[in-house]
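User: I have a structure to go through for class. Can you walk me through it?

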Amino acid sequence: MPRNNENLKKWKREHYVSYSELSEEDKEKRRVIVRRYRTNHPERVKQSSQKSETKRVRNKELTNKTAAALRLKKKLMVLDRYGGKCKCCGEKDFHFLSIDHIDGGGNQHRKAIHGGGVVLYAWLIRNKFPGGYQVLCFNCNLAKGIYGVCPHGR
Ligand SMILES: [Zn+2]
Ligand SMILES: [Zn+2]
C-alpha cells in the first residue's frame with residue numbers, strides 16, 4: 001500500500017473498483033475488511049449512525065414545520081380571497097375560520113376531492129377561487145349545518 005496521500009489517491013484511482021464490479025472473492029475480502037472495521041471501531045460506527053439519526057430527525061422536524069407553514073399559507077390565502085372574515089358574525093381570527101360551501105354539498109365535494117381542510121384550500125387555489133364558497137367561523141358553519149341557518153341571522 002502507498003504511504004503518502006498523493007500516492008494513496010493515485011492508488012485508489014487506479015485500483016478502486018465499485019463493489020458490483022468485484023469478483024466474488026474480492027467482495028468477500030471487502031466484506032471482511034468492513035466487518036473488521038466495525039468490530040474494531042464500534043464507537044465510530046455508533047457515532048456515524050447516531051449522526052445520521054440526528055440528521056434524519058432534524059430533517060423531519062424541518063419538513064413538518066415547512067409543511068405546517070405551507071398549509072397555513074394556503075389557508076390564509078384562501079380565506080383572504082373569500083373575504084377574510086366570517087360572513088355571518090364577522091369573526092376575523094383565522095383560527096376560527098373555515099371555508100363553507102354556500103349551497104351545501106360540502107361532504108360530497110370533500111369526498112370527490114378526497115379531503116377537506118388543506119386539500120380543499122389547495123383545490124380552491126388550483127381552480128382559481130371559484131364562486132359558491134364563503135368564509136364562516138366554525139360556530140356559524142356548525143350552526144348552519146345543524147339548524148339549516150345560523151341563529152345569528154334570525
Ligand atoms: Zn361566525
Ligand atoms: Zn353566525
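User: Start with F129. How exposed is F129, and why?
Analyst: F129 counts as partly exposed because it has 13 C-beta neighbours inside 10 Å. A residue is buried if 20 or more other C-beta atoms lie within 10 Å of its own, exposed if 12 or fewer, and partly exposed in between, with C-beta atoms placed from the backbone. This is a predicted model, where local features need pLDDT of at least 70, side-chain atom pairs count only at pLDDT 80 or more, and totals for chains, interfaces and linings use all residues. Residues are numbered from 1 along each chain as its sequence is written, and chains are lettered from A and ligands numbered from 1 in the order in which they are written.

User: Where is F129?
Analyst: F129 sits in the loop between helix 5 and strand 2. Helices (H or I, at least four residues) and strands (E, at least two) are DSSP runs, numbered from the N terminus. F129 is not a glycine, yet its phi is positive, about 50°. Most residues other than glycine have a negative phi.

User: What about K128, buried or exposed?
Analyst: K128 counts as exposed, because it has 7 C-beta neighbours inside 10 Å. K128 is also in the loop between helix 5 and strand 2, and its phi is positive too, near 60°.

User: Now strand 2. Is L136 buried or exposed?
Analyst: L136 lies in strand 2 and is buried, with 27 other C-beta atoms within 10 Å. The C-alpha atoms of L136 and C86 are separated by 4.2 Å, although the two are 50 residues apart along the chain.

User: What else does L136 touch?
Analyst: Leaving out residues up to four places away in sequence, L136 touches C86, K87, C88, S98, D100, N141 and K144. Two residues are in contact if their C-beta atoms, placed from the backbone, lie within 7 Å.
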